[in-house]
Amino acid sequence: MRKYISILLILLVSCESSSDLGLSGGRGETSFSGSGDSNTGIGGSMARFTIVDNYLYSVDSYTLKSYDISDQENPIYKEDVHLGWGIETIFPYGENLFIGAQSGMHIYNLDNKESPEWVSTYEHMTSCDPVVVQGDYAFVTLRGGTECQGFNNQLDIIDISDLIRPELFKTYSMINPHGLGVDDNCLFITEGEYGLKMFDISNLENIELIKHFEDISSVDVIPFMDVLMVIGSDGFHQYNYDCELGEIEYISTIPINNL
Amino acid sequence: MKITSYIFFFFSFFLFSCQDTCDYYRSYTVYDPIYASMESIRDSVSFTSSREINNPGKLNYKDGYLFISETQKGIHIIDNRNVSNPVNIGFITLPGNYDLATKGDYLYADSYLDLVVFDISNINSITEVNRLKNNFDNYYLGQGLYNEDQGVIVGYKEELREEIIDNHDCGLAYN
């Protein structure tokens, strides 16, 4: 009986890996929270404020608010968009906003910047889940635990090539993922008190762990121009990374005295 | 069947008569909300020299400078033009801050009910230039964190209370 089960498992595994999607190495465009023009600052994946062109967006647990900041010193509140419940993060990419919620990931388009419109929702089990996007894929970490409900700790890669029908591409298990950041072939995942991970994602079917710094705390990251800025409960840490060579090197820390 | 019912009734009568009552102390912790008026919170905004980072929240990076929210307290300014030697250079006292975004010469941040705009063109002298008052009041009202009479809840006071409960069923004393 056992033999049969293992044969069955092997069959299952081979089925999964046979779907070859032939991803090319660099997917070009790199995005950070607060994309658009270089004049706009870059946020981490946990951001609940973001700026796209002349609009500022804020999210609370239920609502997205838009503000016209064409006159930067005088923001004008425009609209409330009701989003549902458990809203946590907002990430702009291209002409869309990707909103991380405890129930899933919502996509809103920015055809009308004043009043973003719902496109679709990728639903998952209840958990905490920031989202970042690059190319045709969204990267969502799911974290379980008391404040997040749910029990899953994983990375979901979601195919968003059809924005109306986002589909799970693949799931990888994690320890206790918080924020994340993506830059070209590099994916950084903060594992809270379990450290910081860097993955090579040139093959999304089989992302490769390049480095796991286990001795630092990390909660959110900003990868920018080969410098990774990491905030954790023990300090603000920085690393140099190279996505072509798959290397990462420690640079500096500002210690944090956690009270 | 009938006989067992009678027996049961008879014994249960005994059970009741055996019950003790006793007095006991019960101690418990109460978290009393501490309120502050939005007026006093608005008045407390200032730009000062750097302070230690204790409870970091959101990040925003712009042109070599990093803004790190000190959850509920304000925003740290880090000069990160030299990544091998980042320097903590200043602090914006901004009670009730959780989030922030930057564009051009401006920083946008929340302070409880308000959306506040800072001019960051001179990083050594950041000033508040505008605010949308009560912008987030629906959320704070909805969460029970704000009312017009008392203001917003800015923290909780922990208090240990004791009370005597007398003539109570002894069995509950250890609950």
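**Exercise 1: the cores**

Start with the largest nonpolar core: it has 89 residues, and those with the most contacts inside it are A:Phe98, A:Ile99, A:Ala138, A:Phe139 and B:Tyr108. Before going on, note that this is a predicted model, where local features need pLDDT of at least 70, side-chain atom pairs count only at pLDDT 80 or more, and totals for chains, interfaces and linings use all residues. Residues are numbered from 1 along each chain as its sequence is written, with chains lettered from A and ligands numbered from 1 in the order in which they are written.

Task: find which strand gives the largest share of this core, then list what A:Ile99 touches.

Solution. 
- Step 1: a nonpolar core is a set of buried Ala, Val, Leu, Ile, Met, Phe, Trp, Tyr and Cys residues joined through C-beta atoms within 7 Å. Buried means that 20 or more other C-beta atoms lie within 10 Å of the residue's own, placed from the backbone.
- Step 2: strand 11 (residues 137-142) of chain A supplies the largest share, 5 residues. Strands here are DSSP runs of E, at least two residues, numbered from the N terminus.
- Step 3: leaving out residues up to four places away in sequence, A:Ile99 touches A:Val59, A:Leu83, A:Ile87, A:Ile90, A:Met105, A:His106 and A:Tyr108. A contact needs C-beta atoms, placed from the backbone, within 7 Å.

**Exercise 2: where the chains meet**

Task: work out how many residues each chain puts into the contact, and which strand of chain B gives the most.

Solution. 
- Step 1: count 34 residues from chain B and 37 residues from chain A.
- Step 2: on the chain B side, strand 3 gives the most, with 6 residues.
- Step 3: sort that side by class and you get 19 nonpolar, 10 polar and 5 charged residues. Ala, Val, Leu, Ile, Met, Phe, Trp, Tyr, Cys and Pro count as nonpolar, Asp, Glu, Lys and Arg as charged, and the others, Gly among them, as polar.
- Step 4: now look for pairing across the chains. Strand 1 (residues 42-43) of chain A and strand 3 of chain B pair antiparallel over 2 bridges; pairing takes at least two DSSP bridges between the strands. A:Ile42 has B:Tyr61 as its bridge partner.

**Exercise 3: a sheet in chain B**

Task: give the strand order of the open sheet of 4 strands, and say why two of the strands have a side without a neighbour.

Solution. 
- Step 1: the order is 7-8-9-10 (chain B), paired antiparallel.
- Step 2: strands 7 and 10 of chain B stand at the edges with a single partner strand each, so one side of each has no neighbour in the sheet.
- Step 3: strands 8 and 9 of chain B share 6 bridges, and one bridge sets B:Leu107 against B:Phe118.

**Exercise 4: strand 20 of chain A**

Solution. 
- Step 1: 6 of the 8 residues of strand 20 (residues 235-242) are buried, so the strand is largely enclosed by the rest of the structure.
- Step 2: strand 19 (residues 227-231) of chain A joins strand 20 through 5 antiparallel bridges, in a hairpin with 3 residues between them. There, A:Val227 bridges to A:Asn240.
- Step 3: strand 21 (residues 247-255) of chain A pairs antiparallel with strand 20 over 8 bridges, and A:Tyr241 stands opposite A:Ile248.
- Step 4: in the hairpin of strands 20 and 21 of chain A, with 4 residues between the strands, A:Gly246 takes a positive phi near 65 degrees.

Technical notes: Buried ≥ 20, exposed ≤ 12 C-beta atoms within 10 Å, placed from the backbone. Contact = placed C-beta atoms within 7 Å.
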